[in-house]
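Subject: A structure for you to look at

Hi there,

Here is the structure I promised to pass on to you. Please open it alongside this note, and then read on for what turned up in it.

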Amino acid sequence: MADFAEDVQTLAYKNVNGLTIHLDIYPPPSDGTGATPVPGVVYFHGGALTVGNRKSWFPSWLHSRVARLGMAFISVDYQLIPPATGHDILHDIKDVFIFLERDVNRLIRERWMPSSRVGRVFQIDSHRLAVSGSSAGGLCAYLAAIHAHPRPKAVLSLYGMGGDMLTSHYLAPKFVPFFRGREILEPNDFLQYLYPACQELEPISDSPLAYHPPTYRIPGYPANLRMLLGRLYLQLGTFLDFYTGCHSPSLSATLRKQLPVAAVASSSSTSHTRILAQALRESIPDAHLHLFPQFGISPGLPPMYLIHGSVDTAVLVRESQNLAVLLRDAGVPAELVIVEGKEHSFDYEPNAEEEFGIPGGLFDRAVRFLEEVLVAPAPIPTQS
């Protein structure tokens, strides 16, 4: 259950239906004693909930800055759609935090420290954890903030899904390129991932990224079909069916029929999104409502820092804009940074560190937000 390396430890945090699900812990630089448990950042990877693993699209800029602040960085696998649904993923998210509270420090002492060649002594403070995620991982971060215990102390979302999932972006079939100008996919190439055949797939929580070689007709094109599933489900307007598991009857079809009616019910542009969402909410079975972060906002949520590119075509910027409004209306501290002219995953661009990693730049501001919440200021010496 453990695969230890010098700078990362891999632990299984749960077993379900014969599937072992892992997380990686990157320890902070050692202070030599490990007497004080360290805060940590729990990170959920992107991939439309359909592909990837705890090493996919790894945010090196975030990890390196977190480590310099003496925090642990924890990157998590979770079950992938399909055959999993958002319900399974939510169970995984909640189980991660239970594991970090109950088991992780014992396993660090018993399994990793005796095997480590670097001798880093540390323990994790489960009550000083923040949660972060990119794209679909942002959705996981929101769900953790709403449902996990112990509740994370802060949320850092990078172009996260989940701020408004009741829009034509999720519900309307598309017949012309809509995602970074990329081609419309042929559904017949993905039959095993469509309903009902997808129900026969084996559970999976680790689907590495893979690309065709330069000699392929489209050099660098995804070789793992799962890398295209998120786009396919958005193209078909059925993403919510796979997310909720509500295929028959199709939740997406039910909501799609009401979309024009609900849109007409919105009398002003300012209130359009909220009125539309409330009108559609009535058609979502109660058993699925807790999977929609926009319906789980309450005053007790932790502060959130949202980052989104203004021209994102994978997760529209309106999702973060809507969530920020809902959070502020509930009295939850929320800061939204819209990065003008940037598409999805802009922080992985080759020059991202040069553009956003300068002192006081976007990367530093994001991590400073985590530091202010998680790292207690040093006590002021008293006069003797």
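Let me begin at one particular spot: alanine 48 sits in the loop between strand E4 (38–44) and helix H1 (60–68). Its phi is positive, about 60°, although the residue is not a glycine. Is alanine 48 buried or exposed? It counts as buried, because its relative accessibility is 19% and the cut-off for buried is under 20%.

Before going further, please keep in mind that this is a predicted model. The average pLDDT of the protein chain is 91, and 89% of the residues score at least 70. Two stretches call for care. Over residues 1–5 the pLDDT is below 50, and in the model this stretch has 17 contacts beyond near neighbours in sequence. Residues 264–270 also have a pLDDT below 50, with five contacts of that kind. Where pLDDT is low, the predicted coordinates should not be read in detail.

**The chain as a whole**

The secondary structure comes to 13 helices and nine strands. Of the 384 residues in the protein chain, 54% count as buried. Among contacts with a separation of 6 or more, 71% are between residues 24 or more positions apart. The accessible surface is about 16,400 Å², and carbon and sulfur atoms account for 54% of that surface.

**The cores**

Which residues touch the most other members of the largest nonpolar core? They are Leu49, Phe239 and Tyr243, in a core of 86 residues. Helix H4 (residues 136–147) gives the most to this core, with nine residues. A second, separate core has 29 residues, including Val66, Tyr159, Phe346 and Ala366.

Leaving aside neighbours within four places in sequence, leucine 49 is in contact with Phe239 and Tyr243, and also with Ala136, Leu139 and Cys140, among others.

**Glutamine 79 and its loop**

One of those partners deserves a look of its own. Glutamine 79 lies in the loop between strand E5 (72–76) and helix H2 (86–102). Glutamine 79 is buried, because its relative accessible area is 7%, under the 20% cut-off. Beyond its neighbours within four places in sequence, glutamine 79 is in contact with Leu49, and also with Lys14, Val16, Leu19 and Ile21, among others. Further along the chain, its contacts include Ala84, Asp88, Ile89, Asp92, Ile204 and Ser205.

The loop between E5 and H2 also holds proline 83. A cis peptide bond joins proline 82 and proline 83, with omega at about 10°.

**Another cis bond, and a serine in a helix**

A cis peptide bond also joins serine 248 and proline 249, and its omega is about 5°. Proline 249 is found in the loop between helix H7 (239–244) and helix H8 (251–265).

In helix H8 you will find serine 252. How accessible is serine 252, and does it count as buried or exposed? Its relative accessibility is 0%, so it counts as buried. Apart from neighbours within four places in sequence, serine 252 is in contact with Leu171, Gly237, Thr238, Phe239, Leu240 and Asp241. Phe239 is one of the residues named above for touching the most other members of the largest core.

In H1, the buried residues include Trp61, Leu62, His63, Arg65, Val66 and Ala67. After H1 comes glycine 70, with a positive phi near 80°.

Serine 345 has a positive phi as well, near 60°, in a residue other than glycine. Serine 345 is placed in the loop between strand E9 (334–339) and helix H12 (352–356). It is partly exposed, because its relative accessible area is 23%, which falls between the 20% and 50% cut-offs.

**The largest pocket**

Last, have a look at the largest pocket, which holds about 760 Å³ of space. Its lining has 33 residues, and Trp57, Phe179, Arg182, Met227 and His344 lie nearest its centre. Which helix gives the largest share of the lining? Helix H6 (residues 229–236) does, with three residues.

Best wishes

Terms used: Residues are numbered from 1 along each chain as its sequence is written. This is a predicted model: local features need pLDDT of at least 70, side-chain atom pairs count only at pLDDT 80 or more; totals for chains, interfaces and linings use all residues. Side-chain values use heavy atoms; hydrogens and water are left out. Helices (H or I, at least four residues) and strands (E, at least two) are DSSP runs, numbered from the N terminus. Buried means under 20% relative accessible area, exposed over 50%, partly exposed in between (1.4 Å probe, protein chains only). Contact means heavy atoms within 4.5 Å. A nonpolar core is a set of buried Ala, Val, Leu, Ile, Met, Phe, Trp, Tyr and Cys residues joined through side-chain atoms within 4.5 Å. Accessible areas come from the Shrake-Rupley method with a 1.4 Å probe; for residues, only the protein chains shown count as cover. pLDDT is the predictor's confidence in each residue, from 0 to 100. On a 1 Å grid over the protein atoms alone, a cavity is a set of points where a 1.4 Å probe fits but cannot get out, and a pocket is an open set with protein on both sides within 12 Å along at least five of seven lines; lining residues have an atom within 4 Å of a point. Grid points are joined across faces, edges and corners, and a volume is the space filled by probe spheres set on the points.
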